[in-house]
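Reader: I want to learn how to read a protein model feature by feature. Can we start with overall shape and work down to single residues?

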Amino acid sequence: MPRTAIISDIHANLHALCAVIEDVQACQCADVVCLGDVVGYNAYPHECLDYIRSLGCPVVKGNHDAEAVSDGRVAMNPLARAAAEWTRAQLSAEELQWLARLPYQRIVRSSFTMVHASLEQPMAWNYIFNANDASSSFTRQFSPLCFHGHTHVPKVFYRDGAHVQDMGAELSAPLAQEGMAEVALQEGYKYFINVGSVGQPRDGDPRACYAIYDSDARCVHFRRVPYDIAAASEAVLAAGLPDRLAQRLLTGV
Ligand code: ZN
């Protein structure tokens, strides 16, 4: 299975998820993996959960998946907390149980590791914003490649010997301008790659974001996918969720 789609942080945005899966199929990916936060923030937790489960793909747990189940035990800002409480009320006991059983990390086909936030302490939900933050996760990474999400910002960190680097504009410039970016994986390096967010991007580009790992060509393709952002935003308001959650979809911050 040479081409695997890596999706993360769907956050109950069904419009974005459908558009991304359409793109995944057009790109002839053999399979999909999901890095968590299927629910939280947006209007379609039940539908997105159903969709992800129908794919039968590997999924790891995100902090919003954990909070939907744990009732106040995951640290969150008031906005995220309000959405988490609304989300919990929408889901059935069986759906909550499915979320509760998700693992925190997983190795897929002895090929790559998947985790929502960081390998250092997956249950602590640390945010990895820069190379310094990433260095602690690398000490717990036992495969050359690990994919993560959580910050909703696409990033490529790599470790060449003792040095951890952030690919920076080499990734962000083509992704913003052309809606895609290709990263060739160097032999002997370790990579810790954030695939961005399907359902609530925060890098100033409101289009959905995900990545494709091509194990034969040894590269990762990042892709931006346009979707009906206005409809997703209106659905947030119609559900009675906080206005700010509807607004941020329009600007991608
Ligand atoms: Zn998230």
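Author: Start with the radius of gyration, taken here over C-alpha atoms; the globule rule is 2.2 Å times the number of residues to the power 0.38. Keep in mind that this is a predicted model.

Reader: What radius of gyration does the protein have, and what would a compact globule have?

Author: With 253 residues, a compact globule would come near 18 Å. The protein has 17 Å, so the value agrees with the rule. Along the principal axes, the C-alpha atoms fill a box of roughly 50 × 35 × 30 Å.

Reader: How many helices and strands are in the protein?

Author: The protein has 9 helices and 11 strands.

Reader: What share of the residues is buried?

Author: Buried means under 20% relative accessible area. By that cut-off, 55% of the 253 residues in the protein are buried.

Reader: How do I read contacts along the sequence?

Author: Take contacts between residues at least 6 apart in sequence. In this protein, 72% of them join residues at least 24 apart.

Reader: And charge? How far apart are the mean positions of the positive and negative charges?

Author: The protein has 20 positive and 28 negative charges, and their mean positions are 6 Å apart.

Reader: Now a local feature. Which way do strand 3 and strand 4 run?

Author: Two strands pair if DSSP finds at least two bridges between them. Strand 3 (residues 105-108) and strand 4 (residues 112-115) are joined by 4 bridges and run antiparallel. Ile107 stands opposite Thr113 in strand 4. The two strands form a hairpin, with 3 residues between them.

Reader: What about side chains in a strand?

Author: In a regular strand, side chains alternate between the two faces of the sheet.

Reader: Where is Gln28, and what is its phi?

Author: Gln28 lies in the loop between helix 1 (14-26) and strand 2 (31-34). Its phi is near 55°, a positive value in a residue other than glycine.

Reader: Is Gln28 buried or exposed?

Author: The cut-off for exposed is over 50%. Gln28 has a relative accessible area of 66%, so Gln28 is exposed.

Notes: Residues numbered from 1 in each chain as written. Predicted model: local features only at pLDDT ≥ 70, side-chain atom pairs only at ≥ 80, totals over all residues. Heavy atoms only, no water. Buried < 20%, exposed > 50% of the residue type's maximum accessible area, 1.4 Å probe, protein only. Contact = heavy atoms within 4.5 Å. Lys, Arg positive; Asp, Glu negative; His and termini not counted. Charge placed at Lys NZ, Arg CZ, Asp CG, Glu CD.
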